[in-house]
Structures are given as C-alpha cells and as structure tokens.
Amino acid sequence: MDRVQGKVAFITGAARGQGRSHAIRLAEEGADIIAVDICHSLETVNYPLATSDDLKETAAAVEKLDRRVVAVEADVRDRSQLTEALERGIAELGKVDVVVAQAGIAGMKGKPPLQAWTDGVDTILLGTINAIQAALPHLPDGASIIATGSTAAYMNALPQMQLGTDPGGTAYMYAKRALSEYVHELARNLTPRMIRANVVHPTNCNTDMLHSEPMYQSFRPDLEHPTREDATPAFGVQQGFPIPWIEPVDISNMVLFLASDESRYVTGMQMRVDAGGYLKWYDFHK
C-alpha cells in the first residue's frame, strides 16, 4: 500500500473516467493528488464532459483514502490556467513528483468541423504539452511524467474515409501520435536528471467517452442511431483478446507502475495496455 508513498501527483482530466481512476489508484498507494479538470462541456464534442460535481467526487474519493488533494477547475488548453492550478497545489502539498497528462476529448463529427479539429488538437496535444511544461520547472530529479496516448495513434483510418469529412475525429488520431513523439523526444532530454517520460496507450476503455453516441456511430456507421447494445459487439475489433473494452483501473495499474520507483529505469517507452490490439494489426518491428 505504499508504492508511491509521499509522492504528489498532478493529474489532468481527473474529474471522472481514467483520470479519476488514476487519482484513486495512486492515492491508494500513498500519493497526494493535484486534480485538474475543465468541468464544462464543449460545443464541438457531442457528449457531455465532466462537471464540477464530478471533480468534487474525485476529491472526496481521495480524501476517503486519507490522502490530501487539491482540486482545481482549469482548461488544459490554457497554460497559464494550468500553471496557476499546479502552483496552487504545490503551495498546499509542498511539491510535485509525478505528472499524469490524462485530459482528452473525442470530437468525432463535431461542428463546426475545423473548430472540432482545433479543440481536439488543443486539448489532447497542446493540453499534454502544457501540463508537462508547466510542471518541468518544479520536478525533482527522478520524477516521472506519464502521458495518455491511445491505440488510435497506431491506426491509419484514412483509407476508409474521404479526406476532410471528419476533422474532429482525425484530430484525435493525429494528436495522440504527435504527443507520443513529443514525449519520446522529451525523454531524451530528461535523461541527465533521471526524470523518466513515458506514454500509456489504452485500447477501448469503459468510460463515458466510449459509451457515447458519436463513438457508437464510429463503430456502427451502418446504423443511424446505434445503441450501446448495437456497438458492443463491434468494439471487439480493436482488441486481440475477445473483449469489447478494458477497465480504467487496468490503465491506472500501468500508471502506478510508471509513477513508482519500480520503473526508475523505464523511460521513453510507449506502453500499450491494449488487450493484444497491436498484435492484431501489426507484425513485429525491429
């Protein structure tokens, strides 16, 4: 119960889903939490985002584990907001040892289309960069940076669509690929201080993002208004294992490993938690 005892973790997208799961899992193992989320929806995202009450629930769950938490509403697209949120957390908790850049949206079929592209790239790619670079001046030697990618970063869906028909959807894939390269290059530059930087790539995960109408439509384009029951069998196409999705805690366990000293020599890695999805789509690469 003490794998990250005494550490402070800065987590974006912490109000629900994977972000909340990461906060709870790290708190279970002894970490204090700086939890950040935008806590309002975006017009270009066709499902509701987390709320202020959701962030309060995350904070209450951490406190129930007898850990300290600073919860702040901030937009990851705005580095000044993130910097202010982080510095508020550091002022109360004393430091930051771990960064978990989790915040993300899926803007499939979002309108206006190019605003959906902008919101997707700004949240996923720029938001990851903002969270990490806001934290860099405060990180001690031996710290850990963890970004959330996606198995979508490895997929080429362009042959299946006409160019420019869904900028919000393609923004997701592009931004996940781009943040992965960013973290790889960052890891190179952090090696002298033994600060490690890694990306975790989930497959379908049992969260509100997956269980939304635009995601159902992505997996069942043959139906005008597919339901969860319609989409669930199709979700299995992403994985090698015969399952439709994984649970948030499955990602949180990898985040915990990367946050802990158990991974002290693990850096620059693209850690897939994908139930064999990559194996299904790609041959071995030297």
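Guide: Please keep in mind that this is a predicted model. The part to look at is helix 2, which runs over residues 52-64. Helix 2 has 13 residues, and from its first C-alpha to its last it reaches 18 Å, close to the 18 Å expected at 1.5 Å a residue.

Which residues of helix 2 are buried? They are Asp54, Leu55, Thr58, Ala59 and Val62. Seen down the axis of helix 2, these buried residues fall within an arc of 140°, so they line one face of the helix. The face turned away from that buried side carries the exposed residues Asp53, Lys56 and Lys64. As for the cover over the buried residues of helix 2, it includes helix 1 (17-28), strand 2 (32-37) and strand 3 (69-73).

Next comes the stretch after the helix. Helix 2 is followed by aspartate 66, and the phi of aspartate 66 is positive, near 65°. Arginine 67 forms a salt bridge with aspartate 32, with an N to O distance of 3.2 Å. This pair links distant parts of the chain: arginine 67 lies in the loop between helix 2 and strand 3, while aspartate 32 lies in strand 2, 35 residues apart. Strand 2 is also among the elements that cover the buried residues of helix 2. Aspartate 32 has a relative accessible area of 4%, under the 20% cut-off, so aspartate 32 counts as buried. In general, side chains of opposite charge can pair when their charged atoms come close.

Two others involve arginine 77, which sits in the loop between strand 3 and helix 3 (79-93). One joins the side chains of arginine 77 and aspartate 75, at 2.7 Å from N to O. The other joins arginine 77 to aspartate 119, where the closest N and O atoms are 3.2 Å apart. Arginine 77, at 24% relative accessibility, counts as partly exposed. Elsewhere, salt bridges that share partners join Arg25, Glu28 and Glu29 into one network.

Helix 1, another part of the cover over helix 2, also contains glycine 17. With 25% relative accessibility, glycine 17 counts as partly exposed. Apart from its neighbours within four places in sequence, glycine 17 is in contact with Thr207 and Pro248. The C-alpha atoms of glycine 17 and phenylalanine 219 are separated by 20 Å, and these two residues are 202 residues apart along the chain.

One last stop is on the surface. Leu114, Trp117 and Tyr174 form a nonpolar patch there, with about 310 Å² of accessible area together. Tyrosine 174 has its place in helix 5 (residues 167-190), and tyrosine 174 is partly exposed, with a relative accessible area of 35%.

Definitions and conventions. Residues are numbered from 1 along each chain as its sequence is written. This is a predicted model: local features need pLDDT of at least 70, side-chain atom pairs count only at pLDDT 80 or more; totals for chains, interfaces and linings use all residues. Side-chain values use heavy atoms; hydrogens and water are left out. Helices (H or I, at least four residues) and strands (E, at least two) are DSSP runs, numbered from the N terminus. The expected span of a helix is 1.5 Å times one less than its number of residues. Buried means under 20% relative accessible area, exposed over 50%, partly exposed in between (1.4 Å probe, protein chains only). The arc is that of the directions from the helix axis to the C-beta atoms. Contact means heavy atoms within 4.5 Å. Patches are made of residues with over 30% relative accessible area and no salt bridge: like charges are joined within 9 Å, nonpolar side chains (Val, Leu, Ile, Met, Phe, Trp, Tyr) within 5 Å. Accessible areas come from the Shrake-Rupley method with a 1.4 Å probe; for residues, only the protein chains shown count as cover. A salt bridge is a side-chain nitrogen of Lys or Arg within 4 Å of a carboxyl oxygen of Asp or Glu.
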